[in-house]
Amino acid sequence: MPRVLVSDPIAPEGIAILKQVADVDVKTGLPKEELASIIGEYDALAVRSETKVTAEVLANAHKLKIIGRAGVGVDNIDVETATKRGILVVNSPEGNTLAAAELSVAMLLALARNIPQADQALRNGEWKRSKYMGSEVYGKSLGVIGLGKIGKEVVKRAQAFGMSILGYDPYLKPEQAEKLGIRLVDLPTLYKESDYITVHVPKTKETSGMIGAEQLATMKPTVRLINCARGGIIDEAALAQAAKDGKIGGAAIDVFTTEPAPADNPLLGIPTIITTPHLGASTEEAQVNVAIDIAEQIADVLSGKPARAAVNMPSVSAEVLARIQPYLTLAEKIGSLQSQLTTSGVRAIEVVYKGDFGDLPTLHITRGAVKGVLDTVVPESVNYVNAPGLAASRGINITESRTGADESGSPVLTVRAETQSGWREISGTVFGPKDIRILTIDGYRVDVKPEGFLLVTKHTDRPGVIGKVGTLLGDKGVNIAGMHVGRESEGKGALMVLLIDSAIPDGGVEEILKIDGMENARQVQL
Ligand SMILES: NC(=O)c1ccc[n+]([C@@H]2O[C@H](COP(=O)([O-])OP(=O)(O)OC[C@H]3O[C@@H](n4cnc5c(N)ncnc54)[C@H](O)[C@@H]3O)[C@@H](O)[C@H]2O)c1
Ligand SMILES: O=C(O)CC[C@@H](O)C(=O)O
């Protein structure tokens, strides 16, 4: 019998399923050293959010085939290391959606009617009815950032209360928003016009601290904010300060940057901020759902079947992986460049294979391009397995096509991405065994090794423009390691890619944008 370790409390319904196929040990609250010392004995591990499955733990996981996360977020699991070690990570993407949506709505009402504060006062022997005067949510506006599974459920419930909904999600199409009865707006409008704001985005580089002092300052002084998504999406120090200064009406927070939240967390103890200890998924129903969901997947995988909600890469034969690896890297880098060059969300991705790609499984390479596009907007767990599903759930259409070789004969990979402003096309190739190059951006010919920091500009091709960029970067101590310029024809449009040795200091790109003749400038990191 295989052996399964359950290291966080999961519902007995899940344990019963596991016991049908394995010897199950339930050992919760293990210190990390103990977990690392016993993990080598197990074929599968089931966790919630408390167990930290670190690289150190995984280093000893010699038999481990699968980690099941009873919940959505896999930020407590080092997925990259697990993938490298060939360990499948599965989760339960939908099992706790309603629980998290209902807690968010409970927070909304608690904020509107000061329920926790009034309860505490009464427990202290105070009968203060006028101090806890509330306000109706009927007729108020709710700004929802992130309209995925939980965000949509919150919208339905708030609409039933008679609230009007302002929504922001770069991946929601206007026609979908219309169907949901949501007014799709940009973030500044959402911040300015909402009476309540609730966040339901994953924690990514883009969403970490997305609401800070600057954004809070643009909101109504009565605004109430809710975070039942991930700690730190709303900057904790800035929120605490705004609440103390009376610049916001209040906040309700279920999740913290460090969990368990330490006693000195700035959000604790502020009268207008109510808090719960990461209870979003803590309902009997959700816990049964997520436990059954991951137990079934663990049982399937231990008996050789595929998992239905894998979050990392399936095993590809070493031989195939070695052959597709350079194209996979190229596709991912081009995808990432596409994503970083756009300010609005990508709506469609088309990967075109021109020339002889032989028997290479291009489907995998296409997944690399999709992963590259999504990487900066969805949680780190985006990988070759879940990238197409994540794209589909955001309404991003993915297509793949093959065409004949061009004159050069080398296989060329082109990733086309549709954004609000139309299609952008970036192509590249692999020279020799693994020398990857970007060959064209929007039709301009370049020859760029996609690595490190790049500055990409579009400007008018006339004397002085490039020189000014060079001088400005020099003044800021940024060394230029390489330069590629493609142009339409003399005096018309030009595209320049500068390879730079370090990031441009804050404000530098804005200064470049002010150079006469400069049309666009973006710094990217590949
Ligand atoms: N408190 C809890 O116990 C609890 C329980 C479940 C989920 N969660 C968290 O709730 C959040 C939402 O979960 P979900 O299941 O709805 O995820 P989801 O993937 O279904 O939805 C997330 C949405 O956010 C959007 N998005 C991504 N980047 C964005 C950005 N920069 N701006 C605006 N929108 C953006 C995506 O397009 C997507 O529609 C996650 O952070 C998840 O970890 C918390
Ligand atoms: O396990 C929990 O209680 C938290 C789960 C939740 O944050 C999730 O990401 O699914």
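Student: Which residue stands opposite Gly486 in E21?

Tutor: Leu495 in E21 stands opposite Gly486. Before we continue, note that this is a predicted model, in which local features need pLDDT of at least 70, side-chain atom pairs count only at pLDDT 80 or more, and totals for chains, interfaces and linings use all residues. Residues are numbered from 1 along each chain as its sequence is written, while chains are lettered from A and ligands numbered from 1 in the order in which they are written.

Student: How many bridges join E20 to E21, and in which sense do the two strands run?

Tutor: Strands of a sheet pair through backbone hydrogen bonds, either parallel or antiparallel. Here, E20 and strand E21 (residues 493–500) run antiparallel and are joined by seven bridges. Two strands count as paired if DSSP finds at least two bridges between them; helices (H or I, at least four residues) and strands (E, at least two) are DSSP runs, numbered from the N terminus.

Student: In what order do the four strands of this open sheet lie, and which strands stand at the edges?

Tutor: The order is E20-E21-E19-E22, with antiparallel pairing. Strand E20 (480–487) and strand E22 (518–525) stand at the edges with a single partner strand each, so one side of each has no neighbour in the sheet. Neighbouring strands are turned by 15° against each other on average, direction ignored; the axes are lines fitted to C-alpha atoms (for helices over the stretch in contact), and angles run from 0 to 180 degrees between N-to-C directions.

Student: What is the strand order of the open sheet with six strands?

Tutor: That sheet has the order E14-E13-E15-E16-E17-E18, and its pairing is mixed. Strand E14 (397–403) and strand E18 (444–448) are its edge strands, each pairing on one side only. From one strand to the next, the twist averages 20°.

Student: Is helix H14 largely enclosed or largely open?

Tutor: A residue is buried if 20 or more other C-beta atoms lie within 10 Å of its own, exposed if 12 or fewer, and partly exposed in between, with C-beta atoms placed from the backbone. In H14, 10 of the 13 residues are buried, so the helix is largely enclosed by the rest of the structure. Among the buried residues are Arg367 and Lys371. Helix H14 (residues 362–374) reaches 18 Å from its first C-alpha to its last, close to the 18 Å expected at 1.5 Å a residue; the expected span is 1.5 Å times one less than the number of residues.

Student: Which backbone feature marks Asn114, and which marks the bond from Glu259 to Pro260?

Tutor: Most residues other than glycine have a negative phi, and most peptide bonds are trans. Asn114 has a positive phi of about 55° although it is not a glycine; this residue lies in the loop between H5 and helix H6 (115–123) and is buried, with 20 other C-beta atoms within 10 Å. The peptide bond from Glu259 to Pro260 is cis, with omega near -10°, and Pro260 is found in the loop between strand E11 (250–253) and strand E12 (273–275).

Student: Where is His278 placed, and what is its phi?

Tutor: His278 is in the loop between E12 and helix H12 (284–302), with a positive phi of about 50°. His278 is buried, with 21 other C-beta atoms within 10 Å.

Student: How many residues surround ligand 1?

Tutor: Ligand 1 is surrounded by 33 residues, the closest being Gly146, Gly148, Ile150, Tyr171 and Gly280. Helix H5 (97–113) and helix H7 (149–160) are the elements that give two or more residues to this shell, and H7 gives the largest share, three residues.

Terms used: A residue is near a molecule or strand if its C-beta atom, placed from the backbone, lies within 6 Å of it.
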